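Visitor: I would like to learn how to read a few features of a protein model. Please take them one at a time, general idea before the particular case.

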Amino acid sequence: QVQLVESGGGLVQPGGSLKLSCVTSGFTFGDYAIHWFRQAPGKEREGVLCISSNRGTYAYLESAKGRFTISRDNAKNTAYLEMNNLKPEDTAVYYCAAPAYCGGTYELWGQGTQVTVSS
C-alpha cells in the first residue's frame, strides 16, 4: 500500500523557517520523483518544487526560488521541503506526491501539513 505522510508544518512568523518532511512507504522510493504542491483556501492547487529520482530539481513556483529547497534521503524513503523567509502568502496546506518523473501525473498524495505564516 502506497503511503505518503507529510509533517513539519505549523505557525511561523513572517521571515521564519520550516522544514517539511514527506515519509513514504509501499513503493521503491528511489525510482520516483517527489513533487511538493500546496493549496490555500479558495485557491487552486499549485506546484512548488520537484526532485527527480536522480536528484534534479525543478521549481514550479517563481516565488519559491531562492527561499525553498527540496531534497531527498533515499535511505530513509523521505523527502524534505525546507522553506526560509516565509511570507503570509505561503500559508497553505502542503502536500507531497510521487510521480514517475517531475512533470508527470500522480494519483496519490498524503493528508498534507498546514503551514500558517502570520504575525
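Predicted model: local features only at pLDDT ≥ 70, side-chain atom pairs only at ≥ 80, totals over all residues.

Visitor: In what order do the four strands of the open sheet lie?

Guide: Strands of a sheet pair through backbone hydrogen bonds, either parallel or antiparallel. Here the order is β1-β3-β8-β7, and the pairing is antiparallel. Two strands count as paired if DSSP finds at least two bridges between them. β1 (3-7) and β7 are at the edges with a single partner strand each, so one side of each has no neighbour in the sheet. From one strand to the next, the twist averages 15°; for such angles, axes are lines fitted to C-alpha atoms (for helices over the stretch in contact), and the angles run from 0 to 180 degrees between N-to-C directions.

Visitor: How many bridges join β3 to β8?

Guide: Six bridges join this antiparallel pair, and Lys19 stands opposite Glu82 in β8. β1 and β3 are joined by five bridges, with Leu4 partnered by Thr24 in β3. β7 and β8 pair over six bridges; the partner of Ser71 in β8 is Tyr80, and that of Asp73 is Thr78. Five of the six residues of β8 are buried, so β8 is largely enclosed by the rest of the structure.

Visitor: Which residue in the hairpin of β7 and β8 takes a positive phi?

Guide: Asn77 does, with phi near 55°, in a hairpin that has four residues between the strands. Asn77 is partly exposed, at 29% relative accessibility. Another positive phi in a residue other than glycine belongs to Asn85, near 50°. Asn85 lies in the loop between β8 and β9 and is partly exposed at 40%.

Visitor: Which residues have the most contacts inside the largest nonpolar core?

Guide: In soluble globular proteins, nonpolar side chains tend to be buried together. A nonpolar core is a set of buried Ala, Val, Leu, Ile, Met, Phe, Trp, Tyr and Cys residues joined through side-chain atoms within 4.5 Å. The largest has 27 residues, and those with the most contacts inside it are Ile34, Trp36, Val48, Phe68, Leu81, Met83 and Tyr94. Strands that each supply at least two residues of this core include β3 (18-25), β4 (34-39) and β5 (46-51). Another core, of five residues, lies apart from it and includes Phe37, Val93, Tyr95 and Ala97.

Visitor: Are the rings of Phe37 and Tyr106 stacked or edge-to-face?

Guide: A pair of aromatic rings is described by the distance of the centres and the angle of the planes. Rings of Phe, Tyr and Trp (its six-membered ring) pair if their centres lie within 6.5 Å; planes under 30 degrees apart count as stacked, over 60 as edge-to-face and the rest as tilted. For Phe37 and Tyr106 the centres are 5.4 Å apart and the planes at 25°, so this pair is stacked. Phe37 is in strand β4 and Tyr106 in the loop between β9 and β10, 69 residues apart. Tyr106 and Trp109 form an edge-to-face pair, 5.9 Å centre to centre with 85° between the planes. Ring pairs link Phe37, Tyr95, Tyr106 and Trp109 into a cluster.

Visitor: Is Arg67 buried or exposed?

Guide: Arg67 is buried, at a relative accessible area of 7%, in the loop between β6 (57-59) and β7 (68-73). A polar atom of the Arg67 side chain lies 2.8 Å from the backbone oxygen of Ser63.

Notes:
Residues numbered from 1 in each chain as written. Heavy atoms only, no water. Buried < 20%, exposed > 50% of the residue type's maximum accessible area, 1.4 Å probe, protein only. Polar contact = N/O pair within 3.5 Å; in protein donor to acceptor, adjacent residues only side chain to side chain.
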